[in-house]
Amino acid sequence: ATCKHIDMSRAKLRYADFSETRMANCILVNADMQHFSGVQAQMGGSHLVGSDMRYADFSSATLLGVVFRREGWADAVLTNAKFDRARLNAVDLSGLDLRSASLSHADLRNTILRRAKFTRANLVSADLTGADLTDADFQEAIMTKANLTKIVAHGASFRRAQMTGTQWQEGQCDR
């Protein structure tokens with residue numbers, strides 16, 4: 001199925017299954033998306049500002065250029081998801097599993113990423129300025145040219161991460 005330029009603001013999409021659906025430039029502002037299934041969905045350019053996505057499954061979804069802010073993401077599944085150029089600034093993504101996700105050129109400024117798993121994730125040129133990375137796992141992540149200015153990374157692991165050209169100024173890290 002294909003949905004383009006549809007306004008689904010405040011929609012009740014709890015338990016809805018949009019797997020393998022193309023949802024280009026849709027507006028899902030303040031939508032109830034708890035337990036939503038977007039497995040392999042293509043949601044490029046959509047706006048999900050204020051949506052509740054607790055327990056949602058976006059595994060292997062393409063979320064290029066998607067706009068998020070202050071959403072509830074508790075226990076959402078985001079492994080292999082494509083967030084390239086997505087705007088996730090000031091969002092709480094604590095504890096999420098983003099293994100092998102692609103977040104190249106993503107805006108993650110001031111995002112809370114405590115205990116998040118980024119193992120083998122692509123964060124090339126991602127902007128993590130001011131992000132809280134406390135106890136996050138970036139093992140084997142590709143972070144070439146990422147901006148880590150003013151991050152808090154107490155207990156974070158960057159073991160075998162590729163960090164060529166990464167900016168890391170005024171940050172706090174104890175490992």
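Thr111 touches Leu88, Asn89, Ala90, Val91, Leu93, Ala131 and Asp132, leaving out residues up to four places away in sequence; contact means heavy atoms within 4.5 Å. The model is a predicted one, in which local features need pLDDT of at least 70 and side-chain atom pairs count only at pLDDT 80 or more, while totals for chains, interfaces and linings use all residues. Residues are numbered from 1 along each chain as its sequence is written, and side-chain values use heavy atoms, with hydrogens and water left out.

Thr111 has 0% relative accessibility and counts as buried, a term for under 20% relative accessible area, against over 50% for exposed and in between for partly exposed (1.4 Å probe, protein chains only). The side chain of Thr111 also reaches the backbone oxygen of Leu108 at 3.0 Å.

Gln34 is likewise buried, at a relative accessible area of 10%. Its contacts, apart from neighbours within four places in sequence, are Leu13, Arg14, Tyr15, Asp52 and Arg54. With Asp52, the side chain of Gln34 forms a polar contact of 3.0 Å, that is, a pair of N or O atoms within 3.5 Å; within protein, one must be able to donate a hydrogen and the other to accept it, and residues adjacent in sequence count only if both atoms are side-chain atoms.

What of disulfides, defined as pairs of cysteine sulfur atoms within 2.5 Å? A search of the whole structure finds 0. Cys3 is in none, and the nearest cysteine sulfur to it, that of Cys26, is 5.5 Å away. Cys3 is buried at 14% relative accessibility, and Cys26 is buried at 0%.

Key
A disulfide is a pair of cysteine sulfur atoms within 2.5 Å.
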